[in-house]
Amino acid sequence: MPAAIRTAHLRKVFWGRPAVEDVSLEVEQGEVFGFLGPNGAGKTTTVKMLLGLTHPTAGKLEVLGRSPQDKEARRFIGFLPEMFRFHDWLSGEEFLRFHGELYGMEAGELRRRIPEVLEQVGLLGRERERIRGYSKGMQQRIGLAQAILHRPRLVFLDEPTSALDPLGRREVREIIGRLKAQGTTVFLNSHLLSEVEQTCDRIAVVHRGRVVRSGRMGELLAERLEVELRVDALSPALLERLKGLGSVRSAGGQGAVLEVDSEAKLPRLAEAVLHSGAQLYALTPRRLSLEELFVSLVSEKTGRRGA
Ligand SMILES: Nc1ncnc2c1ncn2[C@@H]1O[C@H](COP(=O)(O)OP(=O)(O)OP(=O)(O)O)[C@@H](O)[C@H]1O
């Protein structure tokens with residue numbers, strides 16, 4: 001089975017300025033893959049190359065084992081663009097029928113499939129209304145229905161929940177879960193990191209056009225820990241030792257909070273305290289959330305926090 005997406009050293013330059021410097025990705029079929037990065041990192045440009053909407057300046061890419069320009073490959077791909085807003089004079093049903101015909105679906109199949117996807121996205125009963133009158137959340141739902149209508153093997157979702165309330169977001173997470181259960185690959189682009197954390201199997205973080213980190217969600221989150229240390233007295237010598245073991249976030253008279261890159265550092269922290277002659281009252285490790293990991297990764301490269 002070919003990878004759903006494979007890129008090697010993908011690069012795109014607009015008017016002499018690189019939007020994507022060097023992106024190598026491998027997404028297996030059936031995975032939910034999160035593609036993350038701060039504004040302007042090159043995510044949309046990468047997705048456009050994967051969809052065959054813009055040509056790379058350099059590098060290689062394959063989607064479902066084929067070139068994105070290949071018409072056959074396109075039949076198996078679904079796409080929900082960000083800020084989805086067009087054909088709003090059509091009713092939801094007309095809009096889906098129009099897209100189904102573009103995908104080459106037969107009339108009978110469309111009659112069966114349209115109510116199914118409307119149900120999945122929670123719009124059954126509203127399909128006769130014009131999209132112009134839909135709320136932002138309903139517009140995002142009809143866009144999602146369009147992206148999955150032809151049962152794609154690979155679906156690109158660009159900020160699929162930005163206009164949805166918490167219930168709507170949960171429903172989209174459920175839809176993504178069902179797509180995964182059916183073996184569909186989902187390539188998700190989102191700034192809502194708590195959602196990505198709950199939804200994705202693997203992620204890549206892109207920054208200034210380069211992949212700065214990628215891997216399985218669980219493994220990436222296990223890589224870094226925040227540790228709270230409490231001691232009877234934090235001497236300058238102990239503080240120096242702590243700085244050698246991790247990145248100190250805050251330090252006071254009787255404690256410090258620092259970030260370390262593995263659990264193996266925990267006994268070494270305890271040793272450092274004991275060797276300094278201080279009394280260890282507490283050593284409390286905590287895993288970082290995806291949002292904290294993201295901020296940490298991006299700010300390491302730029303010196304910017306709170307991205
Ligand atoms: N058609 C274009 N012509 C010139 N520059 C472009 C074009 N498209 C994107 N860029 C530039 O390339 C860089 C990457 O943009 P891109 O839209 O890929 O980022 P992004 O990661 O999707 O950002 P966001 O999260 O804000 O959507 C930006 O500096 C952008 O201004």
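Two residues are in contact if their C-beta atoms, placed from the backbone, lie within 7 Å. Helices (H or I, at least four residues) and strands (E, at least two) are DSSP runs, numbered from the N terminus. The structure is a predicted model, in which local features need pLDDT of at least 70 and side-chain atom pairs count only at pLDDT 80 or more, while totals for chains, interfaces and linings use all residues. Residues are numbered from 1 along each chain as its sequence is written.

Figure 1. The protein is made up of domain 1 (5-215) and domain 2 (225-287), with bounds from an automatic or database domain assignment. Between the C-alpha centres of domain 1 and domain 2 the distance is 44 Å. The C-alpha trace spans about 80 × 45 × 35 Å along its principal axes. The protein contains eleven helices and 13 strands. Of its 307 residues, 36% count as buried (20 or more other C-beta atoms within 10 Å of the residue's own; exposed means 12 or fewer, and partly exposed in between; C-beta atoms are placed from the backbone). Among contacts between residues at least 6 apart in sequence, 66% join residues at least 24 apart.

**Figure 2. The shell around the ligand.** The surrounding residues (C-beta atom, placed from the backbone, within 6 Å) are F14, W15, A19, G37, N39, G40, A41, G42, K43, T44 and T45. Helix α1 (residues 43-50) gives the most to this shell, namely three residues. By class, the shell holds four nonpolar, six polar and one charged residues; Gly is counted among the polar residues.

**Figure 3. Two nonpolar cores.** A nonpolar core is a set of buried Ala, Val, Leu, Ile, Met, Phe, Trp, Tyr and Cys residues joined through C-beta atoms within 7 Å. The largest has 60 residues, and F33, A145, V186, F187 and L188 have the most contacts inside it. Helix α5 supplies the largest share of this core, six residues. Another core, of 13 residues, lies apart from it and includes L225, L229, V231 and A272. Leaving aside neighbours within four places in sequence, F187 touches I5, V27, F33, F35, L154 and F156 by the contact criterion.

**Figure 4. I148 in helix α5.** I148 belongs to helix α5 (residues 136-148). This residue counts as buried because it has 24 C-beta neighbours inside 10 Å. Beyond its neighbours within four places in sequence, I148 is in contact with G78, V117, V155 and L179. G168 is 20 residues from I148 along the chain, and their C-alpha atoms are separated by 17 Å.

**Figure 5. The two sides of helix α3.** In helix α3 (residues 92-102), the buried residues are G92, F95, L96, H99 and G100. They lie on the same side of α3 because they cover an arc of only 135° around the axis (the arc of the directions from the helix axis to the C-beta atoms). F98 and E101 are exposed on the other side of α3. The buried residues of α3 pack against α4 (107-120) and α5. Just after α3, G104 has a positive phi of about 85°.

Figure 6. L269, A272 and V273 are the buried residues of helix α10 (residues 265-275). Their arc around the axis is only 100°, so they are on the same side of α10. P267, L274 and H275 are exposed on the other side of α10. The cover over the buried residues of α10 includes β10 (225-231), α9 (236-245) and β13 (280-287).
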